[in-house]
Amino acid sequence: MAQLLKVQNFTVSADGYGAGEGQGLERPFGHAHPRDLMRWAMATASFPGPRSGEGTCGLDDHLVRGYAHGIGAEIMGRKQVRAAARTVDRPRVAGWWGDEPPFRTPVFVLTHHPRPSFTLGETTFHFVGGSPAEVAEQARAAAGGLDVRLGGGAHSIRAFLDAGLVDELHVAVAPLELGAGSRLWTAPEELDDRYHREVVPSPSGVVHHLLWRR
Ligand SMILES: NC(=O)c1ccc[n+]([C@@H]2O[C@H](COP(=O)([O-])OP(=O)(O)OC[C@H]3O[C@@H](n4cnc5c(N)ncnc54)[C@H](OP(=O)(O)O)[C@@H]3O)[C@@H](O)[C@H]2O)c1
């Protein structure tokens with residue numbers, strides 16, 4: 001089976017934003033609250049984190065449960081690791097993921113300002129410059145034959161889409177509008193010339209879009 005570069009469980013608003021405006025350490029998703037945007041995932045039995053009650057099973061949980069399966073390396077944009085970096089520079093400052101990020105693979109962080117790597121728990125973050133194609137090559141080489149996940153944010157996913165590097169995408173569209181922020185698309189149809197797309201509404205109100213290369 002060919003090694004895939006894929007986007008998994010990436011959530012956007014109905015108007016295509018993966019995060020709101022004014023992102024910062026205290027407000028990682030800007031004016032959007034992750035609890036609203038990612039409600040579908042956070043409500044599932046498999047979501048790694050605090051949750052009230054049992055947690056949903058079914059379609060959403062099935063997609064969340066498969067998150068780590070077959071992934072050997074991760075690529076993400078620098079704005080997603082803002083918090084983790086501070087933890088290393090300033091001990092005792094808790095990052096979003098705390099001391100045990102959920103990736104447990106090499107993580108290649110796209111940036112124009114490369115800096116020393118650091119490790120938190122079983123996850124090592126490598127800050128890398130270079131083109132999306134060069135970073136994809138580094139991640140594939142580090143993934144030990146397994147797939148590579150492109151974890152976001154929207155800015156980085158767009159760069160890899162524009163470079164023709166993404167094999168598959170699962171994008172969940174949440175039933176809320178953000179109006180501004182970091183945008184993945186204006187509408188999913190934008191990708192129909194390059195990707196097949198199946199649309200699967202979930203009882204939770206989110207609509208899953210599964211895309212794979214034509
Ligand atoms: N909705 C979801 O499912 C989801 C999932 C993950 C994350 N998020 C959220 O998304 C937000 C971040 O998304 P974002 O779109 O604003 O930013 P992002 O894609 O995470 O990061 C953008 C940064 O990545 C670097 N970068 C991107 N493309 C590059 C390229 N071609 N070459 C070199 N460096 C490149 C640059 O870093 P430098 O400025 O250092 O050069 C750029 O400023 C965070 O708030 C995060 O919480 C949402």
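I started with Arg-104, which counts as partly exposed at 45% relative accessibility. This is a predicted model, so I read every value below as coming from a prediction. I found Arg-104 in the loop between α4 and β4.

Next I looked up Thr-105, which sits in the loop between α4 (82-89) and β4 (106-110). Is Thr-105 buried or exposed? I got a relative accessible area of 10%, and because buried means under 20%, Thr-105 is buried. I then listed what Thr-105 touches, not counting residues up to four places away in sequence. One group of partners is Ile-71, Gly-72, Ala-73 and Glu-74, and the list also holds Glu-122, Thr-123 and Thr-124. I noted that β3 runs over 71-77.

**Asn-9**

I went looking for Asn-9 and found it in strand β1. Asn-9 is another non-glycine with a positive phi, about 50°.

Gly-70 lies in the loop between α3 (59-65) and β3. I have it down as partly exposed, because its relative accessible area is 27%. What does Gly-70 contact once neighbours within four places in sequence are left aside? I found Leu-146 and Asp-147. I also checked Gly-145, which is 75 residues from Gly-70 along the chain; their C-alpha atoms are separated by 9.3 Å.

I then checked the peptide bond joining Gly-152 and Gly-153, and it is cis, with omega about 0°. Gly-153 has its place in the loop between β7 and α6.

**Cores**

I turned to the largest nonpolar core, which has 29 residues. Which of its residues touch the most other members? My list reads Ile-75, Phe-160, Val-166, Leu-169 and Leu-184. As for where this core comes from, β1 (5-13), β3 (71-77), β4, α5 (132-142), β7 (147-150), α6 (154-162) and β8 (168-174) each supply at least two residues. I also noted a second, separate core of twelve residues, which includes Leu-37, Trp-40, Ala-172 and Ala-174.

I followed up Leu-184, leaving aside its neighbours within four places in sequence. Leu-184 is in contact with Phe-10, Val-12 and Gly-16, with Ala-154, Ile-157, Arg-158 and Leu-161, and with Val-171 and Glu-190.

**Whole chain**

I counted six helices and eleven strands in the chain. Along its principal axes, the C-alpha trace spans about 45 × 40 × 30 Å. Why do I call the radius of gyration of 16 Å in line with a compact globule? Because a compact globule with 214 residues would have a value near 17 Å, and the chain agrees with that.

I have 45% of the 214 residues down as buried. Among contacts with a separation of 6 or more, 63% come from residues 24 or more positions apart. I put the accessible surface of the chain at about 10,500 Å², with 55% of it belonging to carbon and sulfur atoms.

The chain has 22 positive and 24 negative ones, and their mean positions are 5 Å apart.

How values were computed. Residues numbered from 1 in each chain as written. Predicted model: local features only at pLDDT ≥ 70, side-chain atom pairs only at ≥ 80, totals over all residues. Heavy atoms only, no water. Helix = DSSP H or I, 4+ residues; strand = E, 2+ residues; numbered from the N terminus. Buried < 20%, exposed > 50% of the residue type's maximum accessible area, 1.4 Å probe, protein only. Contact = heavy atoms within 4.5 Å. Core = buried A, V, L, I, M, F, W, Y, C linked by side-chain atoms within 4.5 Å. Rg over C-alpha atoms; globule rule 2.2 N^0.38 Å. Areas by Shrake-Rupley, 256 points an atom, 1.4 Å probe, with all protein chains shown as cover. Lys, Arg positive; Asp, Glu negative; His and termini not counted. Charge placed at Lys NZ, Arg CZ, Asp CG, Glu CD.
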